[in-house]
Amino acid sequence: GQNIDQPTEMTATEGAIVQINCTYQTSGFNGLFWYQQHAGEAPTFLSYNVLDGLEEKGRFSSFLSRSKGYSYLLLKELQMKDSASYLCAVRGSGATNKLIFGTGTLLAVQP
Amino acid sequence: GAGVSQSPSNKVTEKGKDVELRCDPISGHTALYWYRQRLGQGLEFLIYFQGNSAPDKSGLPSDRFSAERTGESVSTLTIQRTQQEDSAVYLCASSFQTFNNEQFFGPGTRLTVL
């Protein structure tokens with residue numbers, strides 16, 4: 001079956017660092033995505049990992065270990081505007097590009 | 001516009017009625033996806049279109065759901081005889097090619113079935 005797990009909620013302090021974990025079990029693997037979704041808005045693309053290791057993009061970094069079925073999203077120098085849901089999604093095998101999403105992690109950044 | 005647009009933004013309907021949701025992808029994007037997001041749940045794949053290829057309908061939850069796409073432009077998702085469990089946000093996304101890394105999402109249509 002297909003299963004993607006991530007924590008439901010997290011709280012962090014402005015200026016701090018937070019790590020959001022995602023574990024997955026899918027039939028096939030062709031990349032892992034992180035999306036940010038503010039309440040009432042569309043998801044926006046943050047990062048993509050297909051090989052093991054760390055991908056850094058500004059304040060955001062994403063890590064992947066395919067052997068462990070594990071990824072994390074690291075947010076540095078947290079800002080209040082980072083309060084949002086963070087969605088982990090896996091692209092499985094097959095002809096389409098459909099993504100299998102986790103339930104998302106609601107991050108609350110406090111002053 | 002520059003992004004994916006969807007209409008209506010909100011739709012309230014009575015149980016048993018049919019509804020039609022519209023998606024306008026980004027110009028030039030050949031791939032189009034529909035997802036459903038129920039309250040407190042992750043996005044659930046519904047259907048995928050790519051050019052003139054047969055659509056991937058593997059995510060449609062029942063035969064009450066159908067979707068069409070005109071060439072590489074507008075798509076409509078139709079739900080017949082709506083049920084209360086159909087209440088959700090329906091999101092449309094598009095990308096340049098099938099295996100492109102980034103899918104661009106529209107703002108969604110919030111459907112409420114009374």
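This is a predicted model: local features need pLDDT of at least 70, side-chain atom pairs count only at pLDDT 80 or more; totals for chains, interfaces and linings use all residues.
The secondary structure of chain A consists of eleven strands and zero helices. Read along the sequence, these elements give the pattern β-β-β-β-β-β-β-β-β-β-β. Of the 111 residues in chain A, 47% count as buried. Among contacts in chain A with a separation of 6 or more, 56% are between residues 24 or more positions apart. The accessible surface of chain A comes to about 5200 Å², and carbon and sulfur atoms account for 50% of that area. Chain A carries 8 positive and 9 negative side chains, and the centres of these two sets lie 8 Å apart.

Chain B was examined in the same terms. Zero helices and ten strands were assigned to chain B, in the order β-β-β-β-β-β-β-β-β-β along the sequence. For the 114 residues of chain B, a compact globule would have a radius of gyration near 13 Å; the computed value for chain B is 13 Å, which agrees. The C-alpha atoms of chain B fill a box of roughly 35 × 25 × 25 Å along the principal axes. Buried residues make up 49% of chain B. Residues 24 or more positions apart account for 56% of the chain B contacts that have a separation of 6 or more. The 11 positive and 12 negative charges of chain B have mean positions 5 Å apart.

Attention then turned to the aromatic residues. Over all chains, the structure holds 16 aromatic pairs. In one of them, the ring centres of A:Y35 and B:F105 are 5.4 Å apart and the ring planes meet at 85°; because an angle over 60 degrees counts as edge-to-face, the pair is placed in that class. A:Y35 belongs to strand β4 (residues 32-37) of chain A, whereas B:F105 belongs to strand β9 (residues 104-105) of chain B, and the pair therefore joins two chains. Residues count as buried when the relative accessible area is under 20%. A:Y35, with a relative accessible area of 0%, is therefore buried, and B:F105 is also buried, at 9% relative accessibility.

A further aromatic pair is formed by A:Y70 and A:Y72, with a distance of 6.1 Å from centre to centre and an angle of 55° between the planes, and this pair is tilted. Within this pair, A:Y72 has a relative accessible area of 16% and is buried.

Ring pairs also link a set of residues into a cluster. From chain A, the cluster includes A:F33, A:Y35, A:F45, A:Y48 and A:F101. From chain B, the cluster includes B:Y33, B:Y35, B:F45, B:Y48 and B:F105. Both residues of the edge-to-face pair described above, A:Y35 and B:F105, are thus found among the members of this cluster.

Methods
Residues are numbered from 1 along each chain as its sequence is written. Chains are lettered from A and ligands numbered from 1 in the order in which they are written. Side-chain values use heavy atoms; hydrogens and water are left out. Helices (H or I, at least four residues) and strands (E, at least two) are DSSP runs, numbered from the N terminus. The radius of gyration is taken over C-alpha atoms; the globule rule is 2.2 Å times the number of residues to the power 0.38. Buried means under 20% relative accessible area, exposed over 50%, partly exposed in between (1.4 Å probe, protein chains only). Contact means heavy atoms within 4.5 Å. Lys and Arg count as positive and Asp and Glu as negative; His and the chain ends are not counted. The place of a charge is taken as NZ of Lys, CZ of Arg, CG of Asp or CD of Glu. Rings of Phe, Tyr and Trp (its six-membered ring) pair if their centres lie within 6.5 Å; planes under 30 degrees apart count as stacked, over 60 as edge-to-face and the rest as tilted. Accessible areas come from the Shrake-Rupley method with a 1.4 Å probe; for residues, only the protein chains shown count as cover.
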